[in-house]
Amino acid sequence: MDLRDDARSLQPDLVRLRRELHREPEVGLTLPRTRDRVLAALQGLPLEITEGTSTTSVTAVLRGGAGGDGGDGPVVLLRGDMDGLPVAESSGESFAAATGTMHACGHDLHTAALAGAARLLCAHRDRLAGDVVFMFQPGEEGFDGAGHMIAEGVLSAAGRRADHAYGLHVFANRMPAGLVTTRPGVFLSASHALDVVVHGAGGHGSNPHTARDPIAAAAEMITALQTMVTRRFDMFDPVVLTVGVVQAGTRRNVIPDTARFEATVRSFSDAHAALLPQVVREVCDGVAAAHGVRAEVSWTDEYPRTVNDPDEAGFAAGVCAELLGEERFRLAADPVSGSEDFSRVLAAVPGAFLGMGACPPGTDPDSAPMNHSPLARFDDAVLGDAAALYAALATTRLAGVAA
């Protein structure tokens, strides 16, 4: 089956779907308009479709016709996430969202490409040596949509546990459009959330010695934490800590009672993930004691590391080279400090997560706005190849398992 040629014929429809999704991003676990567009895109295909109960997820199962084993053949799961971000778009695209939300991470491309893969595989259903599960997932951006779908049984949607799982993510920068990458072992970091409230004693800005200034203490904590990650942790097993929220005060001459900051923290090993909460509390408590204030530290482990099965990563690299050409694949030398809840799928099912460049033409990948930026732009010319790659991963793996 020539999946790439078939995918080229779908390209106009995939671009149209992607841009419809882009105009109306939805955030979180409840994406009714996005779900309805996905269902419309799948309408008429020979799929067994179920919708989530705790989320607006869509799970579609395609029964292969070549196995001849009554549904007991191998099962491959393909995943595409559907949610946007609470980012006001300023990309300048003609189809930009005007809703105060944005598909700033390219999930609209993932959704459209997975819908395209469903159409490709349905067209070749009689030649599939097993079943395919299409996992259209909401809530990847901090809402653990994968965890919700796993709890509702997506991994066994075909009637038995999936044998292999593959996911794909586009990047607005770093890589030229169409280039695919992955690596064996750890591909993406684990993510953790830090929330610190500093409790002091308010007062007049002209007499700070009569108060207990939580802002000064919070500022020192932020600086100390940035130093800590390079002094308490091996630089060859790094920890990334970025403060994204700082809140305090109402007027310039008023020392408030409290100050607050939030940070995202990324780690690449189980050992460091286990040590981080203790070390972070030690830093915050120590600075607080020096300032005569109190630190209320909240730590949350979010997504675990995304770990590719080594054999599956090698398999995916081979499929990509065969489908798109060897020049279109690059082995990632190092893990990426982004995080993904597809990690939960890969913790349960052998598989691989891949990255694909989608930097717009005429743009330097090294200087282009990155994912999550309000300026982020993605080249939807990659949609056909992304759909074909999803489909090729499924067909090749099913054929190999059956053989």
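**Note on the sheet and its helices**

1. In this predicted model, eight strands form an open sheet with mixed pairing, in the order S1-S2-S4-S3-S5-S16-S6-S15. Strands (E, at least two residues) and helices (H or I, at least four) are DSSP runs, numbered from the N terminus, and two strands pair if DSSP finds at least two bridges between them. Strand S1 (48-51) and strand S15 (329-331) stand at the edges with a single partner strand each, so one side of each has no neighbour in the sheet. On average, neighbouring strands are turned by 20° against each other, direction ignored.

2. Residues are numbered from 1 along each chain as its sequence is written. Local features need pLDDT of at least 70 and side-chain atom pairs count only at pLDDT 80 or more, while totals for chains, interfaces and linings use all residues; side-chain values use heavy atoms, with hydrogens and water left out.

3. Thr50 stands opposite Thr59 in S2.

4. Helix H3 (residues 107-123) packs on the sheet, where it touches S2, strand S3 (75-81), strand S4 (131-137) and strand S5 (164-171). Contact means heavy atoms within 4.5 Å. The direction of H3 makes about 160° with that of S4; angles run from 0 to 180 degrees between N-to-C directions, and axes are lines fitted to C-alpha atoms, for helices over the stretch in contact.

5. Helix H7 (residues 310-324) also packs on the sheet, touching S5, strand S6 (180-182), S15 and strand S16 (351-357). The direction of H7 makes about 40° with that of S16.

6. How do H2 and H3 pack, and at what angle? Helix H2 (residues 32-42) meets H3 at about 20°, with the axes 10 Å apart. The two are therefore roughly parallel, a term for angles under 35 degrees. In their contact, Val38, Ala41 and Leu42 of H2 meet Thr111, Ala115, Ala118 and Arg119 of H3. By class, this contact has five nonpolar, one polar and one charged residues. Ala, Val, Leu, Ile, Met, Phe, Trp, Tyr, Cys and Pro count as nonpolar, Asp, Glu, Lys and Arg as charged, and the others, Gly among them, as polar.

7. Helix H5 (residues 214-231) and helix H6 (residues 270-291) pack at about 145°, with their axes 9 Å apart. Their contact includes Ala216 and Met228 of H5 and Val279 and His291 of H6. By class, twelve nonpolar, one polar and one charged residues make up this contact.

Notes:
Angles under 35 degrees count as roughly parallel, over 145 as roughly antiparallel, 65 to 115 as roughly perpendicular and the rest as oblique.
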